[in-house]
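Trainee: I request a close look at one part of this model, namely the setting of its surface side chains and the pairings among them. Please state each cut-off where the term is used.

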Amino acid sequence: MRAGHGMTAPFFNPFALGEDPFAHFAEMRALGGIARGAAPYPELADAHYVFSHELVSRVLKHPALLQAPPGRYEEVRRKLVDQAPMALLSRSVMLADPPHHGELRRPVAGCLSRSAVETLTQGLRALSRELVDRAMADGRIDAVAGLAVPVSFWLLQEIMGIEIEDPWALKSVTSRMAGAFDLRTDQPPAASAAAYGECRAFVEERLAQQAFRPDGMVARMAREVAEGRWSREDMVANVVFMLFAGQETVVDAFGNAVVALHRFPEQRDLLERRAVDWSSAAAELLRYGASVQYAVARIAAEDIDLGNVGIANGEAVVAVLG
Ligand code: HEM
């Protein structure tokens, strides 16, 4: 295959990268940023992977790169969503295509208006300050247990409008759920399927007791069901998805950021001397310590061209984010 700059990128195998894939991603970027590689699901023959910022943006915005286009891919998708976790996940906003994607996204957009985000930001600042002050008084802190988990769960509870009495119990469930997204496993492991069941039971209980605030995202989802736009299964799937996506990612990114600052004391020093401001550092730490390395595979709904490489109708494209 021809890549940009006249170089040929080697076949990319995400299953054989070990614990530190980033050097390999950089190499692939230098070789043109697009390569054929092993497919994320055994049901697909192979896939195209894109590594550069420009190609990743194009893939994520491309109107003909979809989650489940009709045609050749339908049979594959049917097999994929046959398994327990994928059956539920496939109803989530993340795995939906327009126009259904827009319908499933309405409660998310409604909860994250500019003014709502401003209020949430102030609340996050106040809570973080309180936790750090307490740690200063104690003289020590576990950055994940004492900061990342309380902060991310506070945010999630505020957005969703539900109470999560025991974040660690839910965290243990969502960590096991993450197995369903691990590209290195052919089949979602049984532990992941069981964890989806536990999370679903947690959600069903809240819904049965109507244990949610009237202005949160769960209430907005319940209105979609009551007004006939969503099925009840859509609501359960999307609450489960939010409980997972809204904190597992944040806690991991926070942990990675703390490790990076520990590993590069000269960078930490720049922050402590205020030579660099915290918001640019946060953006860079999110990029450097990405907690999600791969976007969900998109399937070409027609023949398209990406970075001088032809993608045939029905082929998969994976954007590499790390
Ligand atoms: C550092 C933190 C986070 C990271 C790294 C992250 C990463 C991602 C990625 C990569 C996707 C897109 C996957 C794809 O399209 O293939 C995504 C989608 C999504 N995330 Fe996050 N996320 C983070 C935090 C959050 C939080 C805090 C929430 C909500 C409280 C959230 C809710 C969502 C939703 C609803 C989608 C689906 C959007 C759509 O398809 O329209 N995420 N996230």
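Mentor: A residue is called buried under 20% relative accessible area, exposed over 50%, and partly exposed in between (1.4 Å probe, protein chains only). The model is predicted, with local features needing pLDDT of at least 70 and side-chain atom pairs counting only at pLDDT 80 or more, whereas totals for chains, interfaces and linings use all residues. Residues are numbered from 1 along each chain as its sequence is written, and side-chain values use heavy atoms, with hydrogens and water left out.

Leu60 is partly exposed because its relative accessible area is 40%. Leu60 belongs to helix 2, residues 53-61 (helices are DSSP runs of H or I, at least four residues, and strands are runs of E, at least two, numbered from the N terminus). Together with Val292 and Leu321, Leu60 makes up a nonpolar surface patch of about 210 Å² accessible area (Shrake-Rupley method, 1.4 Å probe, only the protein chains shown counting as cover). Patch members have over 30% relative accessible area and no salt bridge; like charges are joined within 9 Å, and nonpolar side chains (Val, Leu, Ile, Met, Phe, Trp, Tyr) within 5 Å.

Charged pairs come next. The model holds 19 salt bridges, each a side-chain nitrogen of Lys or Arg within 4 Å of a carboxyl oxygen of Asp or Glu. In one of them, Glu204 pairs with Arg232 at a closest N to O separation of 2.9 Å. This pair links distant parts of the chain, since Glu204 sits in helix 9 (residues 190-208) and Arg232 in helix 11, 28 residues apart. Helix 11 covers residues 232-245. Glu204 is partly exposed at 23% relative accessibility, and Arg232 is partly exposed at 40%. Setting aside neighbours within four places in sequence, Arg232 is in contact with Glu204, Leu207 and Val225 (heavy atoms within 4.5 Å). The C-alpha atoms of Arg232 and Ala222, ten residues apart in sequence, are 8.2 Å apart in space.

Another salt bridge joins Glu130 and Arg134, at 3.2 Å from N to O. These two are four residues apart in helix 6 (residues 114-138), so about one helical turn separates Glu130 from Arg134. Glu130 is partly exposed at 44% relative accessible area, as is Arg134 at 47%.

Asp215 and Arg213 form a further salt bridge, with their closest N and O atoms 2.8 Å apart.
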